[in-house]
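Please open the model in your viewer and keep the selection tool at hand. The tour below moves from one selection to the next and says what is found at each stop.

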Amino acid sequence: SGSLQVLQPQAEVSVSVGKTLTLQCTVLEDKVAGPVKWLKESRGKNETIYDQRGSGPRVTRVVNSSSTNYNISISDMRVEDAGKYYCVKFKKGNYEDEALLSGRGTKVVVNGDPVDVAVHGPQERVEPGTSVRFTCTARGFFPGDIRVQWLKNGHPLSALPTQVFLEQTNSSYAMSSAVEINLVPADVRTQLSCLVRHSTLSTPLRSTYNVSAALRVPPALRLLARPAGAVELNRTVNFTCSAEGFYPGALNLTWLENGVEVLAEAGGPALTAQGTFELRSSLAVQAAAERNQSVITCRVVHEAQRPVSRNVTLLVTLPPAE
């Protein structure tokens with residue numbers, strides 16, 4: 001019939017994630033047998049959103065008994081609900097309904113907050129002097145305009161250009177922002193913060209990363225003997241081994257005499273004011289004649305790295321042979 005009209009007054013509507021959207025449609029002079037449906041255009045195909053015989057749990061018709069009002073409500077809007085919606089009059093066919101007349105369509109824009117904001121560091125710990133890239137990511141937001149600010153211990157930090165790209169749904173965006181930092185031992189106390197600002201947010205979203213999670217500071221190892229140098233027969237020599245300025249605190253210290261492990265006073269790492277650790281261990285050795293020229297070794301293994309050792313040779317002053 002030439003008098004049949006399908007009216008969609010909303011050319012474009014905008015809604016926030018989680019809200020309920022009402023799409024308007026009026027059908028006039030409908031004298032043709034067949035249903036009215038709502039279709040969503042998605043990736044070149046039309047997906048049925050509402051059918052008078054049934055629809056999804058989030059879609060309801062506003063006035064069920066009306067023969068002209070075909071407004072629908074979609075609850076709990078999601079970013080993937082964005083797209084163009086058409087109110088379509090169908091006529092009954094022999095085998096299936098045939099589209100007869102469509103409204104002009106309503107473009108639906110879903111404003112989504114950024115989600116999954118997180119800062120990522122290297123997969124393995126690195127040592128000071130290494131340049132490391134830290135990345136801040138977020139996803140699920142619309143529109144695509146987003147601002148990212150980096151802070152290092154609360155102070156602004158220059159970043160590489162932010163990358164924004166469409167997600168697979170083609171209805172929301174994701175972003176990636178990165179900074180590069182040349183690490184130093186003092187970074188065990190450093191915090192990196194990524195602040196994300198978006199039109200849907202009243203306050204920025206923040207993700208914070210403790211750089212200590214990416215840093216390994218190897219120990220400085222010292223081995224001292226008291227007294228130093230050659231000692232008299234049967235005198236006690238105290239060896240002290242110090243592992244200083246290391247991070248994290250997992251460190252194994254062992255003593256060896258001529259390559260054979262010996263028991264010694266054991267203790268645990270102590271936290272320093274700089275945020276690193278130190279460990280001291282002592283070994284008392286009696287300067288017996290058979291120990292002359294013995295090699296005393298302090299060996300440490302830090303974070304499953306290669307062992308580090310320091311050696312001192314025990315010199316015993318023997319009495320002159322008679």
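The count of salt bridges comes to 16, where a salt bridge is a side-chain nitrogen of Lys or Arg within 4 Å of a carboxyl oxygen of Asp or Glu. This is a predicted model, in which local features need pLDDT of at least 70 and side-chain atom pairs count only at pLDDT 80 or more, while totals for chains, interfaces and linings use all residues. Residues are numbered from 1 along each chain as its sequence is written, and side-chain values use heavy atoms, with hydrogens and water left out.

Select Arg 139 and Glu 167 to begin with, whose side chains meet in a salt bridge with 3.1 Å from N to O. Arg 139 belongs to strand E14 (residues 131-141), whereas Glu 167 sits in the loop between strand E17 (163-166) and strand E18 (173-182), so the pair ties together parts that are 28 residues apart in sequence; strands here are DSSP runs (E, at least two residues), numbered from the N terminus. Glu 167 counts as buried at 16% relative accessibility, and Arg 139, at 36%, counts as partly exposed (buried means under 20% relative accessible area, exposed over 50%, partly exposed in between, with a 1.4 Å probe and protein chains only).

Next, select Arg 280 and Glu 244, which form a salt bridge with their closest N and O atoms 3.6 Å apart. Because Arg 280 lies in strand E27 (residues 277-286) and Glu 244 in strand E23, this pair ties together parts that are 36 residues apart in sequence.

Which residue of E23 is the bridge partner of Leu 224? The partner is Thr 240.

Finally, select Ser 212, in the loop between strand E20 (205-210) and E21. Ser 212 is buried, with a relative accessible area of 12%, and it touches Arg 125, Asp 187, Val 188 and Tyr 247, not counting residues up to four places away in sequence, where contact means heavy atoms within 4.5 Å.

Note on methods
Two strands pair if DSSP finds at least two bridges between them. Helices (H or I, at least four residues) and strands (E, at least two) are DSSP runs, numbered from the N terminus.
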